[in-house]
Every structure is written in structure tokens, then in C-alpha cells.
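Subject: Structure for your review

Hello,

Here is the structure I said I would pass on. My notes on the metal site and the aromatic contacts follow it.

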Amino acid sequence: MTWNVVPGTKQEAGNCVVPVSAIYTPIKTFPSMPVLPYAPLRCRNCSSILNPFCVMDFSAKIWICPFCFQRNHFPSHYASISEENLPAELFPQYTTIEYKSPGEAYLHSVLMFVVDISIIEEEMTFLKPALSRAIGLLPDNSLVGLITFGTLVHVHELGFCSVPKTYVFNGSKDVSRNQLLEQMGFFLNKPVTGVIAGARDGFSSDSIARFLRPASDCEFALNSILEELQKDPWPILAGERSRRCTGTAVSVAASLLGAGFAGSGARIMAFVGGPSTEGPGAIVSKNLSEPIRSHKDLDKDSAPHYHKAIKFYEALAKQLVHQGHVLDLFACSVDQVGVAELKVAVERTGGFVLLAESFGHSVFKDSLRRVFQTGDKGLRLSSNCIFEINCSKDVKVQGILGPCASLEKV
Ligand SMILES: [Zn+2]
């Protein structure tokens, strides 16, 4: 924290040159941090968690919440609590504590690979084995899916069928979530009367299982799709850039994950090898006579596609934040790919960006391996982290800095 006392008045707060703030790193490992094998005890009024600053009445088995002064009874499993027999969450030296309740279901990780195929043959030969290696490193129970894109978006079915099947979407148009699901044959379950069917409950789980399969089940299918994968077959006309509908592809991935896994962690990993030229989020037109916007253009606000693309990615960021999903970007190209436009969706969802000149570059290959490696060398990725900050009534949260976004709950 920047200060070890909180200013008592508004004027004092105004006099603080550096605002009162705290740096917090989620899932940071502390060697001595206790992990409690039960759920936290919450105040029944403000849902703050039992902590060493609570006032205790051991004889009456009551604790008083320091945030809202609510009196709370200890539940029966705290019956043996006394001054000499404190649960770990009341030890003053534990300023940070983790809870891991046994009943909580831990979902496996869900990964959607979104792969650019509007790249030259040589780049394809670098990218395919790198992806294949990554798939081999996935934990068996993680779910994985594949979308490829160029002129069109292809969603690959990884089901049981021996004939590979893909669903194709026009890259130049934004596909709405309902259009997408209808076209892909998702069946809407009958909503239970009186209950509003949520995004997740409304769709049959069989539908999504065709596209996202446990890594152990579909490694073979995925590898054979990758092996067969050709660069975008659509011709590139003279004087034109290759067609690449990055925005539509990422949006299709987001809608698909939203239909099946809203509220449980999932990542979209986009592998992009050039500028988006097609559909929403395009950063430059197909016409080669139009140069890609430069820093100067962005500075002078004279990049013609910039604001439209930002608007699109901001909406996508919002959708991903509410679904609890992450966008990671692997941008490997000597040309620009449009990170300036895409980054809003990456930053707000806590994803990462990797920049390299080619999918053959060791920066890309080594980083991709580290993403999936376990142990000390791995990045230990996690997703769907929600910060809940409780304060006493005189203190208000002014904002947050970092790779995150507000859930707009007050
Ligand atoms: Zn309270």
C-alpha cells in the first residue's frame, strides 16, 4: 500500500499527492500462506469475510463485522472457537489467506485456438507443428476447440465423425450470437417455466461438445486437421492484400464460448500473421494503394478505420469480460497486425500479447511452450478472476489500474 494510514477527511485525502492504493497480485505464491480447506465465513449483511479486525464475543459465539457493524453468529462448525483456539483466518499475521472449499467444482481449462491461414506457405509450416506441440502439452481434461480464418471463418467440428466437418461464416460481416448458434445447429432447450434461461443453460450441452472436446479425446483429430490445413485458397487479386477477417473470427470464438462456458474460465488464443482487412475490426482496406496506418496517423487521428475497429473491439472486450473469458494474441508478422486496435480486448480480459516477426522465430516457439508448461517454468495461467472489494462506509473505491475491467456492479 502507498500509505499505512487512511486519510480521515476529504481534505486530507486531497492533500495526498500519491493516492491511497494497494498493489495486489492474484494467485501469487507465498511459501508460508495457509490454504484453508473450507469456504470463507461471510458477514450476513455486507458479505465481508471474517478477519483479524473483527470484534469477537467468544462466550456468545458472535463476531461483529468491522465494515458494517453487523453482529453475526458463528456457525456450528466454529463451536470450539475461543481466545486460545482461533481458526487460521483470525491469526493477525496472516494478512492474505486462501480458501479452497472441498465441494467446489474445479472446471478444466477451456481453450479456443483461432488460427490465421491467410499467411504464406512457409509460415504455415512453422505454425502447424508449434500448435501441434502445444496441443500435446495440454492437460488431458482441458477442452480445446479450433477456428481457422482467412477470407472466411471456419469452425471445426472435433466430434466423432470420421469425415472432417466445418461450419463456414462470411468474414466480412459480423455474425450475431443467435445467427451463429442457429446456423451451427444448436438446439435451444425449453426454458423452465418461471426461470429465465441463461446463456449457458439455454443450449443443449451436446451442441457445444462437438466443437470443444477434451484434449485427450481429440488430439488425433486436431492433429489431422492441422496436417491437412492449407493456406487460404481464395485468390489474392493484383494490387490487393490478402483477405483476413481477424475480428469476425475472434467474435465467433467469443460467441461460441459464451454459449457453452459463460462464467467459467476460458481463453481464446489468436494466432495472427498479418493485418485484418476484412469485416469488423479491419485496420486497413484490401487495396494495396492504401498504406497501413502509422503511429503518426494514430497521433493525428487520421487513421480511417481506427475508431470503427476500436468500437468493435471494445464491445468484444465487454462481452468477454462478462463471460469471464480471456483473449490472448500471438502476433507474428513483419507487417503490422493491428495490436493498437485489438489490445483493448486483450488488456481488459487480462490476456497477453506476443510480438514476433515470424511463427518460426524462437520468441514465438519458446513462449508458446511456456504457456502450457507446468511447474516453475510455466506461466501458470488462470482466468475468470473476480475482485470483490469491501470497504467501510467512509471509503469508496475510485478505480483500478491493470489488466482488468469493471463488472459495473456497485
Ligand atoms: Zn458486514
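A residue is called buried here if its relative accessible area is under 20%. In this predicted model, Tyr 167 and Phe 211 are both buried.

Aromatic pairs

The count comes to 14 aromatic pairs, with ring centres within 6.5 Å as the criterion. In one of them, Tyr 38 and Tyr 78 have ring centres 6.5 Å apart and planes at 85°, so the pair is edge-to-face. Tyr 38 belongs to the loop between β1 (35-36) and β2 (55-57), while Tyr 78 belongs to the loop between β4 (71-73) and β5 (98-99), so their contact ties together parts that are 40 residues apart in sequence. Tyr 38 is partly exposed at 24% relative accessible area, whereas Tyr 78 is buried at 6%.

Tyr 167 is in strand β9 (residues 165-170) and Phe 211 in the loop between α4 (205-209) and β10 (213-214), so parts 44 residues apart in sequence are tied together.

Ring pairs also join Phe 113, Phe 271, Phe 330, Phe 352, Phe 359, Phe 364 and Phe 372 into a cluster.

Zinc site

The SG atoms of Cys 43, Cys 46, Cys 65 and Cys 68 coordinate the zinc ion at 2.3 Å. The donor angles run from 104 to 114°, so the arrangement is tetrahedral. The spacing of the donor residues in sequence is C-x2-C-x18-C-x2-C. Among them, Cys 65 is buried at 0% relative accessible area, and Cys 68 is partly exposed at 25%.

Regards

Technical notes
Residues are numbered from 1 along each chain as its sequence is written. This is a predicted model: local features need pLDDT of at least 70, side-chain atom pairs count only at pLDDT 80 or more; totals for chains, interfaces and linings use all residues. Side-chain values use heavy atoms; hydrogens and water are left out. Rings of Phe, Tyr and Trp (its six-membered ring) pair if their centres lie within 6.5 Å; planes under 30 degrees apart count as stacked, over 60 as edge-to-face and the rest as tilted. Helices (H or I, at least four residues) and strands (E, at least two) are DSSP runs, numbered from the N terminus. Buried means under 20% relative accessible area, exposed over 50%, partly exposed in between (1.4 Å probe, protein chains only). Donors are N, O and S atoms within 2.8 Å of the metal (3.2 Å for Na, K and Ca); water is not among the atoms, so sites may look incomplete. Four donors count as tetrahedral if all angles lie between 85 and 135 degrees; four count as square planar and six as octahedral if opposite donors are over 155 degrees apart and all others between 65 and 115; anything else is irregular.
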